Amino acid sequence: MKLFKNFWIIIVVVCSTVLILGAVAAILGVFLTLASTAGSKDVFFLVDFKLLDAVYTDTLAIPGSAKFSQLENEIQTQIKNVYSTSILSSQFDKSSVVEFRAGSVLVTLVQQFKGNGDTSLSAGTVEKTFKQRLTQATPASLDSFNIDLTSIKFSEISEANAKILLNNDAVTTAATVTTSTTQIISSACGSTSAFSSKIVGGTDSVDGEWPWQVSLQIGRHICGASIISNRWLVSAAHCFRTNSNPSIWTAYMGSVNVRMGIARNIKTIISHPRYRPDENDFDIAVLELSSPLDFTDVIRPVCLPSGNQVFPVGKSCSITGWGTLSYRGPLPTILQKAVVDIIAGNICNVSYGNAITDRMLCAGFLEGGVDSCQGDSGGPLVCLEPGGTWSLVGIVSFGIKCAEANFPGVYARVTAFRDWVKEQTGV
């Protein structure tokens, strides 16, 4: 009888153990499934690069046009081939072009990858793999296209923004793109959205043509400035010689109309410590905004050149501002623009009695007729780079009257202050 009872006790214990182990296994299975699902979440990147030998046409600006679709299909196919022989071959899913812009052809697209539990799938690692595969060809190419390797930029974006951008219906996309996604696309420095191709001798600008342009006002327009990040502007130190209190200044941007646009208060004004009014040297200042900007098609930063970058004599560049249309003349309501040429320092020094230092550059025409003027101070002199982006080369500083023969405008040379700007702003 004792053996019989023990037998049934053993049976009960075994069955209970089996049930407990089964429950534990089921629970572990659920957790493992959830972990696997979480780890396999797709990852999306916004990618920018420049095609060196493609020809830009206006129809490429229209998603869904025959030219847009043809070039998009070619790029998609060739990018797939790039990843097919890389360590990311099993994770790469697809890419889709968001937009083409002028400058050979500047491409913005979205790339989608399967997570596969790989937590190291970051923008940096994917960009490195992409570049490595390209550098195996000489020059770096997508078969029929050569790519400027220095132009390649990857940044991770959310799945929600990616889904909007991956919608191939141009009408729907235009109507539903969120502000945050638009900021991602629009934040690239030195790019413009305008399709149009006072400054004395200038013409009217249109919204989005010079999206970094700022009007600095104390109840009315006083000086110009340029956006260099979502928190910082750059201008001329002499604008704040007698009005250095940041609380009295307001910055307006996002419109060519001087009385319109987005407004920001100024939090901090930092003039170069070596600026001296009697010498006009070191004429640069940076301004911190009271709150960050949201970048859009009409509000974007200008690119800052490297400290050793050279802009050759004779190069044609652009000046913009709401300064007077002639010496002591009327102020315009609409932002003015004009093209000027960079002039050799030694030639400019003849006119200015050797007052031109290495921290200055001259631009205009020796015959006069086109120049910056009162109210343009602090505004930008920008040059178009081969990649289709604009760099801030000079800051309107001083001159003899405006547009006078043999007296071109003098600008603070931005390359000379690149390190100082970086130290003050982090940009």
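Modeller: What follows goes through the salt bridges and then turns to one helix. The model is a predicted one, and in it there are 7 salt bridges.

I begin with Lys267 and Glu288, whose side chains meet in a salt bridge with an N to O distance of 3.9 Å. This pair links distant parts of the chain, since Lys267 belongs to strand β11 (residues 262-271) and Glu288 to strand β12 (residues 285-289), 21 residues apart.

A second salt bridge joins the side chains of Asp281 and Arg359, at 2.7 Å from N to O. Asp281 lies in the loop between β11 and β12, while Arg359 lies in the loop between α7 (345-351) and β15 (360-364), so this pair ties together parts that are 78 residues apart in sequence. Here Asp281 is buried, with a relative accessible area of 6%, and Arg359 is partly exposed, at 25%.

In a further salt bridge, the side chains of Asp297 and Arg300 meet at 3.0 Å, again N to O. In this case Asp297 is partly exposed, with a relative accessible area of 37%, and Arg300 is buried, at 5% relative accessibility.

The strands named above lead on to helix α8. What covers the buried residues of α8 includes β11 and β12, which carry Lys267 and Glu288 respectively, and also β9 (232-235). The helix spans residues 418-425, and the buried residues in it are Arg418, Trp420, Val421 and Thr425. They cover an arc of only 160 degrees around the axis, and therefore lie on the same side of α8. On the face turned away from this buried side, α8 carries the exposed residues Asp419 and Glu423. After the helix comes Gly426, whose phi is positive, near 80 degrees.

Methods. Residues numbered from 1 in each chain as written. Predicted model: local features only at pLDDT ≥ 70, side-chain atom pairs only at ≥ 80, totals over all residues. Heavy atoms only, no water. Salt bridge = Lys/Arg side-chain N within 4 Å of Asp/Glu carboxyl O. Helix = DSSP H or I, 4+ residues; strand = E, 2+ residues; numbered from the N terminus. Buried < 20%, exposed > 50% of the residue type's maximum accessible area, 1.4 Å probe, protein only. Arc of directions from axis to C-beta. Contact = heavy atoms within 4.5 Å.
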